[in-house]
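Student: I have a structure open and would like to learn how to read it. Where do we begin?

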Number of protein chains: 2
Amino acid sequence: MKIEAVDLFYLAMPEVLDIGDGSQDALLVRVQAGGEEGWGECEASPLPSIASFVTPMSHSACKPIAASVLGQTLQDIDDICRIGNLVRANSLDLLQSAHMLSGIDIALWDLLGKRLNEPVWKLLGYPHPFPKLPYASMLFGESPQATLAKGQAARRAGYRAAKFGWGPIGLGTVAEDADHFVAAREGLGPDGILLIDTGTVWHDDVEKAAPRLPALHACRATWLEEPFDSGALTAYRALAQRSGPLKLAAGEGTHSFYMAQHLIDYADIGYVQIDAGRIGGISVARQVAAYAQARGVTYVNHTFTSHLALSASLQPYAGLEQDLLCEYPVELQPLAVAVTENSIGLDPDGMVHAPAAPGLGMRVNHAALQPFLVDVEIRVGGQLLYRTPTDRLRPL
Amino acid sequence: MKIEAVDLFYLAMPEVLDIGDGSQDALLVRVQAGGEEGWGECEASPLPSIASFVTPMSHSACKPIAASVLGQTLQDIDDICRIGNLVRANSLDLLQSAHMLSGIDIALWDLLGKRLNEPVWKLLGYPHPFPKLPYASMLFGESPQATLAKGQAARRAGYRAAKFGWGPIGLGTVAEDADHFVAAREGLGPDGILLIDTGTVWHDDVEKAAPRLPALHACRATWLEEPFDSGALTAYRALAQRSGPLKLAAGEGTHSFYMAQHLIDYADIGYVQIDAGRIGGISVARQVAAYAQARGVTYVNHTFTSHLALSASLQPYAGLEQDLLCEYPVELQPLAVAVTENSIGLDPDGMVHAPAAPGLGMRVNHAALQPFLVDVEIRVGGQLLYRTPTDRLRPL
């Protein structure tokens, strides 16, 4: 079959706030081929991504993404890999292309899975998926007391793992940070898996991060996430050599296999965090999962949007037993909830499972998404290059 | 003074061909502050870059570039650095932002230079600029005879250095490639500086590149450019260890300081090639030039568009004597020629100089650019976010 259509849908909350919540808008991708449709989601700024799909060619290595996707043959998984390589070659100089490709690649896997009546993880070569332990992701409180309360709430909600991030950490004194770490541990309880995320607050300054290590050891944090900018590989390595049992985690911003590889090879991280909606899709994420396994690094998804994105992010490492943890979005905006009719819930043991249904196993909720659809129109040289598809997300 | 306006102009040749010529379109940036204007050029796909400037906010780390630039104070060079850091923080998850920022940063330096009546290289801390030896950049011929003729033509035109790239290299046998290398050397003459560019043809396969080394040694090539994908750091290092006097060159695609740093730290390159129109502007390029100097790596510009871009690309290393070579675009499309009224020519010794006039020292040719201006209109949610400025590039 041939790829007949790729449609892009920009969705947004009525009001987008200046807060660190990435579920306030979304770019959904619908691919059609052979009477089947597949869905994907980009973890990306929607408008520049749409522009990267429709833009006029600049030169032979700066073509619109559409040029490498529309009309392509899609018969088996090698075709998905081939299409990804085509995009990377033909849009080499179009920076936004990795983010746009991500949603397309995810939709291609979904479509092929439905066509072949297999879940994506099976197409990826995994005999069966292993249950993953979800961690609740939340911000530190403004005070240690508030952090304590948040930890207690996560524990009451049944989470066996929780991540505390951003907030005041790194902005005050070492002692103030230590109070938060102690509070997080106390709230979560002695057995919970505690993860700490400092959101690149120290950029590349090892001497600002290192004084926090004793408190991180004392609270038995499993990982310290993004102490530095993701490109600051030498700073990561230097800190890793002083971190003892505490592992470093990074990778959510990577937008190529190589970038993830550099973190694994040169930054001495213990956990590589991959967003399938950014790195180039399920194909590239799967490649990173295999590389991480070979290097003794633990793979974990990065997801803070819909359960369509969550299913996509679970597939690349669904069959890897040793990669136990899973980022599980818990405070979604109504838009992100509306993306799918079904959701990926916790089982009685508090674990999550990659869906067993064909493709990604998720059903897009066309009706619920209607109020969030944003009309977009792009004209270049008097020609209409993009307009929100007239079916407005209705089932085909 | 405050930044009052940032205007973007998409320019293109009437027909853009599917060839490796990046001068077929352009995105010019005009910044206004305190009654002065500055100009910059992005080496980027115009439409997604424009979209990155005007797009609605997705969340606190995915804002439009405009949000971090318009209304900012611009008094001294620290302000330019501060604005760049703001963009990198506020648009962290907007992939296209580095390309858009590049043109803005360049325009800010131009504006500040005009305001302070100093050339940009002086603002960068260089007492005076050193002459650079331009190399003519061309494609290999389809046959060794054609390559020979191209080398002879470059020599007749007075070039003391030339780069041959792409074409059939790497696609045929080792012996066929060797014939081209011999022809290039013969055409250029025994004293010319010969540079070879293989355009990432071997991706990350060291064993495909290594058999070409004897012929590259025999023709006394100064560098081998991009044998591999720019992220394939381990492949670069492995080849560098077998390359003897031949140095590796890479870096044109880097879009952050860190990416260039990784090539210097982990790939053992001898030359780092930076496009100020991609990496984040003159500010980031200058940072790379200093880092390269400290690590014994030679800095060289990457430029294949207008002389506005050429001036911008010369500034970051204008005052570094040991970084002698300069990529000099020789086969520009009429659009790229039309960008500036003046140009950066070769002196009687065949050398080029960063302009001595204030700012970038280039005068944008408003009239000549008129026929190339492309009308763009972007509407989101019924609201007009961007339309080609109504002054249509006319002097303010």
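Tutor: Begin with one pair of residues: A:E377 has A:R387 as its bridge partner in β13(A). Keep in mind that this is a predicted model.

Student: How should I read a pairing of strands in general, and over how many bridges do β12 and β13(A) of chain A pair?

Tutor: In general, the strands of a sheet pair through backbone hydrogen bonds, either parallel or antiparallel. Here, β12 of chain A, residues 376-380, pairs with β13(A) in the antiparallel sense, over 4 bridges.

Student: Which residue is the bridge partner of A:I378 in β12(B)?

Tutor: The partner of A:I378 is B:I378. That bridge belongs to the pairing of β12(A) with β12(B), which is antiparallel and has 5 bridges.

Student: In what order do the 4 strands of the open sheet run?

Tutor: The order is β13(A)-β12(A)-β12(B)-β13(B), with antiparallel pairing. The edges are β13 (383-387) of chain A and β13 (383-387) of chain B, each of which pairs on one side only. From one strand to the next the twist averages 15°.

Student: Which helices pack on this sheet, and what do they touch?

Tutor: Helix α1 of chain A, residues 46-54, lies across β12 and β13 of chain A and also β12 (376-380) of chain B, at about 45° to β12(A). Helix α1 of chain B, residues 46-54, touches β12 and β13 of chain B along with β12 of chain A, and its direction makes about 45° with that of β12(B).

Student: How do I describe two helices that pack on each other?

Tutor: Two packed helices are described by the angle between their axes and the distance between the axes. For α1(A) and helix α3 of chain A (residues 97-116), the axes come within 9 Å and cross at roughly 85°. The two helices are therefore roughly perpendicular to each other.

Student: Which residues make that contact?

Tutor: From α1(A) they are A:S49, A:S52 and A:F53, and from α3(A) they are A:S97, A:H99 and A:M100. By class, the contact has 2 nonpolar residues, 4 polar residues and no charged ones.

Student: How are the two chains related?

Tutor: Two copies of a chain are related by a rotation about an axis and a shift along it.

Student: Which domains does the assignment give for chain A?

Tutor: Domain 1 covers 3-118 + 363-387, and domain 2 covers 123-338. In chain A the centres of domain 1 and domain 2, taken over C-alpha atoms, are separated by 27 Å. Their contact takes 36 residues from domain 1 of chain A and 25 residues from domain 2 of chain A.

Student: Which element gives the most to the domain 1 side of chain A?

Tutor: α3(A) does, with 11 residues. By class, the side of domain 1 of chain A that touches domain 2 has 20 nonpolar, 11 polar and 5 charged residues.

Terms used:
Residues are numbered from 1 along each chain as its sequence is written. Chains are lettered from A and ligands numbered from 1 in the order in which they are written. This is a predicted model: local features need pLDDT of at least 70, side-chain atom pairs count only at pLDDT 80 or more; totals for chains, interfaces and linings use all residues. Two strands pair if DSSP finds at least two bridges between them. Axes are lines fitted to C-alpha atoms, for helices over the stretch in contact, and angles run from 0 to 180 degrees between N-to-C directions. Two residues are in contact if their C-beta atoms, placed from the backbone, lie within 7 Å. Angles under 35 degrees count as roughly parallel, over 145 as roughly antiparallel, 65 to 115 as roughly perpendicular and the rest as oblique. Ala, Val, Leu, Ile, Met, Phe, Trp, Tyr, Cys and Pro count as nonpolar, Asp, Glu, Lys and Arg as charged, and the others, Gly among them, as polar. Domain bounds come from an automatic or database domain assignment.
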